[in-house]
Amino acid sequence: MTLTHRSGRPPIQDEFTDLPITAQAKFLRRLERDHKCKICRQPTCEASRWYCLPHWQERETKSIQAQQNKAIERYMTNREVRKIRAIHPKRRPFRDY
Ligand SMILES: [Zn+2]
């Protein structure tokens, strides 16, 4: 444990200060303890451990879209999938909403 940070400010003193984990891990644990969003530091929503309502909704929407796209691909032939990927290499085919 060091007495000062190299920026000159004293290190944060709390239950995580002396844990043998990285600064990044301590930062995440503090966010979790204070119920703050990982992205914008607003209070988290009840449904989520890490995100506020708008960011949680954004992530939920993305994951639902990904599941739907996977389900669609399952019913496509390999040839159809390859054809679409040749045009949009980074995107999964169909369903863009
Ligand atoms: Zn947020």
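Modeller: Two residues are in contact if their C-beta atoms, placed from the backbone, lie within 7 Å. On that basis, residues 24 or more positions apart account for 10% of the contacts in the chain with a separation of 6 or more. The model is predicted: local features need pLDDT of at least 70, side-chain atom pairs count only at pLDDT 80 or more, and totals for chains, interfaces and linings use all residues. Numbering starts from 1 along each chain as its sequence is written.

The chain has 3 helices and 0 strands, in the order α-α-α from the N terminus. Helices (H or I, at least four residues) and strands (E, at least two) are DSSP runs, numbered from the N terminus. A residue is buried if 20 or more other C-beta atoms lie within 10 Å of its own, exposed if 12 or fewer, and partly exposed in between, with C-beta atoms placed from the backbone. By this count, 3% of the 97 residues of the chain are buried.

Now the loop itself. H35 lies between α1 (23-33) and α2 (53-74). Although H35 is not a glycine, its phi is positive, at about 55 degrees. H35 is partly exposed, because 15 other C-beta atoms lie within 10 Å.

R41 is also in the loop between α1 and α2. Phi of R41 is near 70 degrees, again a positive value in a residue other than glycine. With 10 other C-beta atoms within 10 Å, R41 is therefore exposed.
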